[in-house]
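This report is meant to be read beside the sequence and the three-dimensional view. It begins with a pair of helices and then turns to the sheet.

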Amino acid sequence: MKLTKNFNKSEFESKDGSSMPKEVFYNIQKVANQLQFLRDYLGKSIRVNSAYRSPRHNASIGGVKNSQHVLGKASDIVVSGLTTTEVYNIIEELIDKGDMLQGGLGLYNSFVHYDIRGGKARWNNTTK
């Protein structure tokens, strides 16, 4: 099922095969729209490593109990041809300009976390 021009619902499903609740699907649609804007802006493909996580799957991978992933409001992404720092900075700029929704933005070595929690949250979990 297509969510946007370039993203399918399957990319946002929980990795444990759990079905996505209706209220989660609504949030995932909003996240997909934000990522579609980013993709169009960059002109580069985006891989979604993780989006919705069922509570069971989230617990099994050591995710925090109040994870935005469980609500379907988060995605961990990699953008083709860009470093995670470049992606993080571009998303921050687009949020500041009002082009993307405010939320959580986390920098990791191999991906960037973006979520639509509404309030601003920033963190850097990179290791050298």
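## Two packed helices

Helix α1 (residues 22-42) packs against helix α3 (residues 84-96) at an angle of about 110°, and their axes are 12 Å apart; helices here are DSSP runs of H or I with at least four residues, strands are runs of E with at least two, and both are numbered from the N terminus. Axes are lines fitted to C-alpha atoms, for helices over the stretch in contact, and angles run from 0 to 180 degrees between N-to-C directions. The angle makes α1 roughly perpendicular to α3, a term for angles of 65 to 115 degrees, whereas those under 35 count as roughly parallel, those over 145 as roughly antiparallel and the rest as oblique.

On the side of α1 the contact is made by Phe37, Leu38, Tyr41 and Leu42, and on the side of α3 by Ile90, Ile91, Glu93 and Leu94, where contact means heavy atoms within 4.5 Å. By class, this contact has seven nonpolar, no polar and one charged residues; Ala, Val, Leu, Ile, Met, Phe, Trp, Tyr, Cys and Pro count as nonpolar, Asp, Glu, Lys and Arg as charged, and the others, Gly among them, as polar.

## Basis of the model

The model is predicted, with local features needing pLDDT of at least 70 and side-chain atom pairs counting only at pLDDT 80 or more, while totals for chains, interfaces and linings use all residues. Residues are numbered from 1 along each chain as its sequence is written, and side-chain values use heavy atoms, with hydrogens and water left out.

## The sheet and its helices

Five strands form an open sheet in the order β1-β2-β4-β3-β5, with mixed pairing; two strands pair if DSSP finds at least two bridges between them. Because β1 (46-50) and β5 stand at the edges with a single partner strand each, one side of each is left without a neighbour in the sheet. From one strand to the next, the twist averages 25°.

Helix α1 lies across β1, β2 (74-79) and β4, and runs at about 20° to β2. Helix α3 also packs on the sheet, where it touches β2, β3, β4 and β5, and its direction makes about 160° with that of β3.

## Strand β3 and its partners

Strand β3 (residues 104-107) pairs with β5 (residues 121-124) in the parallel sense over four bridges, whereas three bridges join β3 to β4 (residues 112-115) in an antiparallel run. β3 and β4 form a hairpin with four residues between them. Leu107 has Asn124 as its bridge partner in β5 and Val112 as its bridge partner in β4, while Leu105 stands opposite Tyr114 in β4.

Gly104 and Gly106 point one way from β3, Leu105 and Leu107 point the other way, and all are buried, that is, under 20% relative accessible area, with exposed meaning over 50% and partly exposed in between (1.4 Å probe, protein chains only).
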